[in-house]
Every structure is written in structure tokens, then in C-alpha cells.
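Okay, thanks for coming, everyone.

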Amino acid sequence: MILTPAFIILISLIFILVWLFARSIDKRKWVVLLITIAATPVVYFYIFYPFINIFTNFHHKKYFNADAWEAKPALRYEMSENIIHSNLLDGKSKTDVEYLLGKSNWYSWDDSLKMNSPDKWNYNLGMKPGAFNRNKECLEIEFKNNLVKRVTQYQFEETFE
């Protein structure tokens, strides 16, 4: 576990709230201290932390790893930001991209061609972590002259009829 300022502030706040609650149960300071020390981690990790994950879209960020990309598609969303911000694919050919990411899941629609373009590859990233996210995240790689021109991430709303 990494001790960040936000974590220290939140755990301190929970410690104080648990202390105040425990004082309403018993007035003996040593009992209150024992209850507070024992209950603070439980309250944080089993009550407070799950609510943070439900109502925010926090997710871990991972560095790109080609083996993990292929073997564990559930981790793709966590690696996508690293792919985009590190310009990992800039200037790479279609062959290089296919070697790193595997075969694309589908091609995007191109209005100028009125068909799916083989120069717009899409990779499914799965669902964005969080309780209220229903849209699929996708990574689109656009090629020009067989070289990566642009890498973007977008949400794909899936409709079932």
C-alpha cells in the first residue's frame, strides 16, 4: 500500500469519526482507543473504500505490456492511457501494431469511403471500471500511408434491440 497524502487525510478523518462514535459507547479512554484502533481499518477498507470505487471512476494505470494485452483483455483499459500518452504507436506500421496489439477487433466506418476502412483499426478495451458505467471503451488507431497517424480512445454505446 502506498501512503499518499489523500490516504493519510482520509484515514485520519475516519479515525476521528470512529473515536467520537466509540466515546459515545464508553467513557474509558483506553477502551475507546482500543475500539478506535481496531475499527478504523475495518471501517476504511470495508465501508469507505468500496463507496469510493462505486461512485468514482478510479482505476489503476499500468504500463503497456504486449503479453498482458494479449493474455488478459480485462487489463487493456488500464494500459490504454499509457499507449496514448507515451506515443508508443506513433509512426509504427500496420505490421508493427499488429505484432504489439494483435489483430484488430473491427474496422471503423469512414464516411468518405461509405464503408468500414481498413485504415481505422479498433480494439475493445472492455468496460470502464465503476458501478454506473455501461458503455464499452475502445481504442481506435488511424493509419495514413501504412503508418499510425492518430490513436484515440472513445466510448461505444452498445444498443440491444
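This is a predicted model: local features need pLDDT of at least 70, side-chain atom pairs count only at pLDDT 80 or more; totals for chains, interfaces and linings use all residues.

Look at the loop between β3 and β4, where you'll find Asn 145. Buried or exposed, by that rule? Asn 145 has 71% relative accessibility, so it counts as exposed. Asn 146 belongs to the loop between β3 and β4 as well, but with a relative accessible area of 39% Asn 146 is only partly exposed.

Now the backbone there. Most residues other than glycine have a negative phi. Asn 145, though, has a positive phi, near 55 degrees, and Asn 146 has a positive one too, about 70 degrees, without being a glycine. Lys 144 has Leu 147 in β4 as its bridge partner.

Okay, zoom out. How many helices and strands does the protein have? Five helices and four strands, and along the sequence the pattern reads α-α-α-α-α-β-β-β-β. There are 161 residues in the protein, and 30% of them are buried. The accessible surface comes to about 11,200 Å², with 61% of that belonging to carbon and sulfur atoms. And if you take the contacts between residues at least 6 apart in sequence, 40% of them join residues at least 24 apart.

Next, the inside. In soluble globular proteins, nonpolar side chains tend to be buried together. Here the largest nonpolar core has 18 residues, and the ones touching the most other members are Trp 69, Ile 83, Leu 89, Val 97, Leu 101, Tyr 123 and Ile 141. Which elements supply at least two residues each? That would be α3 (66-71), α4 (76-85), α5 (94-101), β2 (115-127), β3 (136-144) and β4 (147-156).

Let me pick Tyr 123 out of that group. Leaving aside residues up to four places away in sequence, Tyr 123 touches a whole list of residues, among them Trp 69, Val 97, Leu 101 and Ile 141. The list also includes Gly 102, Lys 103, Ser 104 and Asn 105. Across in β3, Tyr 123 stands opposite Leu 139, and Leu 139 is also one of its contacts.

That takes us to the strands. β2 and β3 run antiparallel, joined by seven bridges. β3 and β4 are antiparallel as well, with nine bridges. So how covered is β3? Mostly: eight of its nine residues are buried.

Seven of its ten residues are buried, so α4 is largely enclosed by the rest of the structure. If you want to find them on the screen, they are Arg 76, Tyr 77, Glu 78, Met 79, Ser 80, Asn 82 and Ile 83. You'll notice Arg 76 and Glu 78 are in that buried set. The cover over these residues includes α3, α5, β2, β3 and β4. Just after α4 there's another positive phi, about 55 degrees, at Asn 87.

Then α5. Its buried residues are Lys 94, Val 97, Leu 100 and Leu 101. Why do I say they share a side of α5? Because they cover an arc of only 130 degrees around the axis. Turn to the other side of α5 and you get Thr 95 and Tyr 99, which are exposed. The buried residues of α5 pack against α3, α4, β2, β3 and β4. After α5 comes Gly 102, with a positive phi near 85 degrees.

One last stop, back towards the start of the chain. Ile 16 is in helix α1, residues 5-25. At 47% relative accessibility, Ile 16 counts as partly exposed. Ile 16 and Thr 40 are 24 residues apart in sequence, and their C-alpha atoms are 9.0 Å apart in space.

Okay, that's my tour. Shall we take questions?

Notes. Residues are numbered from 1 along each chain as its sequence is written. Side-chain values use heavy atoms; hydrogens and water are left out. A nonpolar core is a set of buried Ala, Val, Leu, Ile, Met, Phe, Trp, Tyr and Cys residues joined through side-chain atoms within 4.5 Å. Buried means under 20% relative accessible area, exposed over 50%, partly exposed in between (1.4 Å probe, protein chains only). Contact means heavy atoms within 4.5 Å. Two strands pair if DSSP finds at least two bridges between them. The arc is that of the directions from the helix axis to the C-beta atoms. Accessible areas come from the Shrake-Rupley method with a 1.4 Å probe; for residues, only the protein chains shown count as cover.
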